[in-house]
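Subject: Structure for your files

Hello,

Here is the structure I said I would pass on. My notes on it follow below.

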Amino acid sequence: MREWRFVIAAYVVTWVVLIGYAVRLFLVNRRVTALHDESVRVVSGAAR
Amino acid sequence: MEATMDAARAPEVTRRTRFSILAWLWPVVLIAAQVYAFAISPPDRDMGDLQKIMYVHVPAAWNAFISFFIVFISSILYLWKRDERHDLLAASAAEVGAVLTALTLVLGSIWGRPTWGVWWTWDARLTSTAVLFLIFVGYLSLRAFTDEPERRARWSAAVGILGAMNVPIVYMSVRWWRTLHQVQSSPSTVDSPYAWGLRANAIAFLIVLIYFVRTRYAAARMEREAEQRLDAAALAAGGYNA
Amino acid sequence: MTWRAEAGRVGAIAWKDLTAERRTKANFNAVAFLGMLVLLLFGFALGPDTATVRGVAPGIFWLAVLFSGVLAFNRSYQLELEGGALESLLLYPGERWTIFAGKLLANLAFLLLVEVVIVPVAVVLYQLAVPEQWPRLLLVLFLGTVGFATLGTFYAAMASRSRAREVLLPLLLFPMLVPLLIAAAEASAALLEGDPMGNAGTWIRLLLAFDVVFLASAILAFEHVIEV
């Protein structure tokens, strides 16, 4: 059946989008953690 | 959460550990649900195997609406309590909701093509979802173009509340519009052999939603706290620049 | 009696906005001409066949109203923004909703006047016959414009003070107007044909419900968006 192509496409799209967003979340988290560490450093540095 | 300078690190570390369980769990649960649904469903007479697309399309749609509901409630809570955390939750839910809504639309299109030979049908639900997507996009654009945090929170909350209120109105008007010019009927989604497969996938998607929103929210909280820390330091040092 | 005081404030703001508009007729002319231009462009885009075009005329008319009217809303806040008058306006005692109501009335009056110009042009260009139910058609026109003005005035309070004001207002406003567009276009189309299937009443009720819901919400939410 030709329709299998569409079913496969649907699942591929779904997983690509979900994994893709999960990866984006990971990258955002990394950037924000760096920002967090930077801000803590600045605060403890300025406390002198 | 009262974040003192030292204690701030600890809660975030704990949160990240809890999240990382979900981070590995959601793909496992989702795959399990999809395998389960495939295993128990018989090939459908009319739609061949296309019904299986419903196992991703419908849960994505349901959870997109759940996201929007979270935006709605958080927006109301923000305007009521003026607690920034509600604003950050609303923003996180809106971002995840936009992704799920876009996914719903694409999957609806993929389903429509072999069924009716066209990439888009002005089906009431799909059309309403398209409008919902644009409302989400408007919300996110407003946030992107508003830099001042307090103003951004207030404005987003107002836009989120009005947008959410419009969703049932949009759906009703599109449905009446469709019944007047009726051509095709909407796809039925819940016939009994498929119901369990659908429920399993709906729950799996809900777990995905929870993981995405909580992770996005944690990042938003951390970012906001870092900003505030830097602002406070700059003020305390009398203009010292980080 | 505070009600009278508040009504007075609403009137004062509406009058202020309208007279500022009157002194610069250029804006009214520009919007009205843009409306006519949109009607003309749709005519070109959809082809000269009269039958086709007459069928879609109600939808095209409402799109012309939307596309040209959207330009009016940001301007209604521009006056205060340029002079820094917004802060002063907010200092006066009184509920914020009176500011919204005043601006809404001014925008509503402006749009209705623009429609006075555009409607005859549409009738001529699309060879429409004035139906015997024209009072109901006027009601549809009014209700549709009220809803448009309500949401337009509300979102412009934010968009006009934002970095990307030209694109942000349509982006926020148009998705919200979908029910209004559908209802107004369908009701207009039905009434132009003499409402053979009696649909117009349903659409008019939807328009009314839409207007009430969003007028109330906008008034309630306005204080949160107007603050500096």
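What percentage of the 242 residues in chain B is buried? Buried residues account for 48% of chain B. Please keep in mind that this is a predicted model, and every value here is computed from it.

Chain B

Among contacts in chain B with a separation of 6 or more, 77% are between residues 24 or more positions apart.

Chain B against chain C

On this side, 26 residues of chain B are in contact with 23 residues of chain C. Helix H4 (124–145) and helix H5 (149–180) of chain B each contribute at least two residues to the side of chain B that touches chain C. H5(B) gives the most, with 17 residues. By class, that side of chain B has 19 nonpolar, 6 polar and 1 charged residues.

One residue of H5(B) to look at is B:Gly163. B:Gly163 counts as buried because it has 26 C-beta neighbours inside 10 Å, and 20 or more are needed for that label. Leaving aside neighbours within four places in sequence, B:Gly163 is in contact with B:Ile135, B:Tyr139 and C:Met176. The C-alpha atoms of B:Gly163 and B:Phe68 are separated by 9.1 Å, although the two residues are 95 residues apart along the chain.

C:Met176 belongs to helix H7 of chain C (residues 165–176) and is one of the buried residues there. What covers the buried residues of H7(C) includes H4 and H5 of chain B, along with helix H3 (50–83), helix H6 (134–159) and helix H8 (178–192) of chain C. H7(C) has 12 residues and reaches 17 Å from its first C-alpha to its last, close to the 16 Å expected at 1.5 Å a residue.

Chain B against chain A

Here 29 residues of chain B are in contact with 24 residues of chain A. Helix H3 (84–116) and helix H6 (192–236) of chain B are the elements that give two or more residues to the side of chain B that touches chain A. The largest share, 12 residues, comes from H6(B). The residues on that side of chain B divide into 21 nonpolar, 2 polar and 6 charged.

The nonpolar core

The largest nonpolar core has 150 residues, of which B:Ile53, C:Ala187 and C:Leu207 touch the most other members. H6(B) supplies the largest share of this core, 16 residues. Not counting residues up to four places away in sequence, B:Ile53 touches A:Phe6, A:Val7 and A:Ala10 in chain A, and B:Leu107, B:Ile110 and B:Trp111 in chain B.

A helix pair in chain C

The axes of H3(C) and helix H5 (residues 97–125) of chain C come within 10 Å and cross at roughly 145°. The crossing is right-handed. Residues of H3(C) that meet H5(C) include C:Phe61, C:Gly69 and C:Phe73, and those of H5(C) include C:Lys103, C:Phe110 and C:Glu115. By class, this contact has 12 nonpolar, 4 polar and 2 charged residues.

Regards

Notes: Residues are numbered from 1 along each chain as its sequence is written. Chains are lettered from A and ligands numbered from 1 in the order in which they are written. This is a predicted model: local features need pLDDT of at least 70, side-chain atom pairs count only at pLDDT 80 or more; totals for chains, interfaces and linings use all residues. Two residues are in contact if their C-beta atoms, placed from the backbone, lie within 7 Å. Helices (H or I, at least four residues) and strands (E, at least two) are DSSP runs, numbered from the N terminus. Ala, Val, Leu, Ile, Met, Phe, Trp, Tyr, Cys and Pro count as nonpolar, Asp, Glu, Lys and Arg as charged, and the others, Gly among them, as polar. The expected span of a helix is 1.5 Å times one less than its number of residues. A residue is buried if 20 or more other C-beta atoms lie within 10 Å of its own, exposed if 12 or fewer, and partly exposed in between; C-beta atoms are placed from the backbone. Axes are lines fitted to C-alpha atoms, for helices over the stretch in contact, and angles run from 0 to 180 degrees between N-to-C directions. A crossing is left-handed if the near helix is turned anticlockwise from the far one by less than a right angle, and right-handed if clockwise. A nonpolar core is a set of buried Ala, Val, Leu, Ile, Met, Phe, Trp, Tyr and Cys residues joined through C-beta atoms within 7 Å.
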